[in-house]
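Open the model in your viewer and follow the stops below. Each one says what to select and what is there.

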Amino acid sequence: TLPFAGRRAFSDYSPFGRLATSPAKPAKVAVLGATGGIGQPLSLLMKLNPLVTDLALYDIRGARGVAVDLSHINTNSTVKGYAAGEEGLKATLQGADIVLIPAGVPRKPGMTRDDLFNTNASIVRDLAKAAAQYSPEANMLIISNPVNSTVPIVSEVFKARNVYNPKRLFGVTTLDVVRASRFISEVKGTDPAHHNITVAGGHSGLTIVPLLSEKYPEIVGETRDALVKRIQFGGDEVVNAKESMGSATLSMAYAGARMANSLLRARAGESGISEPAFVESPLYKAAGVDFFASEVELGPEGVKEIHALPKTNEYENELLATALQDLKANIKKGIDFTKSNP
Ligand code: NAD
Ligand code: LMR
């Protein structure tokens with residue numbers, strides 16, 4: 001008997017899923033903030049992804065070193081790292097199909113993601129300006145926090161330059177769904193690969209709304225409340241355990257690599273691929289909330305279809321109502337910042 005007989009295969013957990021062995025077409029992936037806690041393992045996972053043909057790394061420090069290191073790995077893609085400044089940004093971004101942005105400062109214990117706004121808003125705005133100029137048609141995957149505000153910042157920067165395409169802008173919320181499936185499996189004593197729920201709303205505290213009831217009506221009462229709270233505040237668990245050394249980096253790299261891989265597969269023509277993401281969404285536009293995270297079907301054009309939410313119960317409707325209020329304020333904050341600091 002094989003030691004792993006009856007168990008799930010590595011590919012069930014791999015951020016690459018079941019892989020084609022060679023890319024259907026060339027794909028350039030750019031990572032901005034590539035030297036950081038997320039940037040390095042995310043770049044490693046991109047180097048290991050056979051759908052990637054060119055990997056370009058940018059940071060205000062050290063991207064060339066990371067690139068040379070990764071370039072010795074014997075996968076087929078090329079890796080180039082660039083020095084800080086306009087020329088480096090231009091070379092990193094030109095021809096990119098996917099731009100991953102984990103640039104910016106992480107939280108320390110006691111901080112909210114919104115406390116990062118003052119530092120990260122201008123970092124993301126400036127990187128978005130470069131992307132609007134050098135890679136306006138790329139899929140933009142925004143990881144930098146606070147995601148609920150940094151995504152609207154990117155949209156405003158692109159709009160001001162007449163290159164905004166809502167189908168190409170994603171706030172990366174994959175980690176919330178990765179966490180949800182892991183935490184559900186711990187409650188149920190099962191394999192996390194079997195659990196996939198919609199986590200709606202945004203990416204901070206009470207804006208993170210796990211919709212458990214349709215798939216798991218049996219999880220109720222205190223167990224449900226604790227599970228929902230753990231998914232909403234999973235980020236704090238890591239921030240506190242890291243004791244001022246930063247926030248989630250490795251699980252985030254995994255989640256970011258999964259999102260990028262899904263886009264690469266959809267771009268290569270595979271159908272039926274969906275991932276959670278914080279995108280410009282019709283779901284709550286009538287309530288004045290233009291960006292909203294939900295399950296998004298991906299295609300070669302980026303967003304193919306934004307799915308309706310699963311059936312919700314009273315408890316979840318209340319969570320959604322709270323989330324919408326916070327989201328509205330977070331989105332407005334990003335838009336107002338970009339308008340007054342173009
Ligand atoms: P880090 O400090 O380890 O790395 C950030 C990197 O960004 C550094 O290498 C830094 O030099 C670089 N950087 C700063 N300004 C830059 C600029 N103008 N251009 C290019 N690079 C620049 O931080 P980290 O742990 O990697 O986290 C990065 C961000 O990701 C934080 O804002 C964090 O809150 C966020 N994050 C988001 C999620 C999510 O689920 N979306 C999960 C975890 C972390
Ligand atoms: C996370 O969810 O882990 C990230 O958004 C980082 C953080 O600040 O919690």
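Start with ligand 2. The residues of its shell divide into five nonpolar, four polar and two charged. Here Ala, Val, Leu, Ile, Met, Phe, Trp, Tyr, Cys and Pro count as nonpolar, Asp, Glu, Lys and Arg as charged, and the others, Gly among them, as polar. This is a predicted model: local features need pLDDT of at least 70, side-chain atom pairs count only at pLDDT 80 or more, and totals for chains, interfaces and linings use all residues. Residues are numbered from 1 along each chain as its sequence is written, while chains are lettered from A and ligands numbered from 1 in the order in which they are written.

**Stop 1: around ligand 2**

Select P106, R107, R113, N145, L175, H203, G235, V238, V239, S247 and A248; they surround ligand 2. A residue is near a molecule if its C-beta atom, placed from the backbone, lies within 6 Å of it. Which helix gives the largest share of this shell? Helix α9, residues 234-241, with three residues. Helices (H or I, at least four residues) and strands (E, at least two) are DSSP runs, numbered from the N terminus.

**Stop 2: around ligand 1**

Move to ligand 1. It has 34 residues around it, and G33, G36, G37, I38 and N145 come nearest. Helix α5 (residues 117-134) supplies the largest share, four residues. The shell divides into 17 nonpolar, 13 polar and four charged residues.

**Stop 3: a cis bond**

Select N145 again. The peptide bond from N145 to P146 is cis, with omega near -5°. P146 sits in the loop between β5 and α6. Most residues other than glycine have a negative phi, and most peptide bonds are trans.

**Stop 4: helix α6**

Now select residues 147-160, helix α6. Is this helix largely enclosed or largely open? It is largely enclosed by the rest of the structure, because 12 of its 14 residues are buried. Buried means 20 or more other C-beta atoms within 10 Å of a residue's own; exposed means 12 or fewer, and partly exposed lies in between, with C-beta atoms placed from the backbone. Among the buried ones are V147, N148, I153 and F158. The buried residues of α6 pack against α5, β5 (139-142), β6 (169-171), β9 (273-280), β10 (291-299) and α11 (314-340). Contact here means C-beta atoms, placed from the backbone, within 7 Å.

Check the length of α6. After α6 comes N162, whose phi is positive, near 60°.

**Stop 5: strands β2 and β3**

Select residues 54-58, strand β2; five bridges join it to β3, and the two run parallel. Strands pair if DSSP finds at least two bridges between them. Y58 has Y82 of β3 as its bridge partner. Four of the five residues of β3 (residues 78-82) are buried, so this strand is largely enclosed by the rest of the structure.

**Stop 6: the loop between α9 and α10**

Select E243, in the loop between α9 and α10 (250-267). Its phi is positive, about 50°, although E243 is not a glycine. E243 is exposed, with 9 other C-beta atoms within 10 Å. S244 lies in the loop between α9 and α10 too. S244 has a positive phi of about 75°, and counts as exposed with 10 C-beta neighbours inside 10 Å.

**Last stop: zoom out**

The protein has 11 helices and 11 strands. Buried residues make up 49% of its 342 residues.

Technical notes:
Expected span 1.5 Å × (residues − 1). Contact = placed C-beta atoms within 7 Å.
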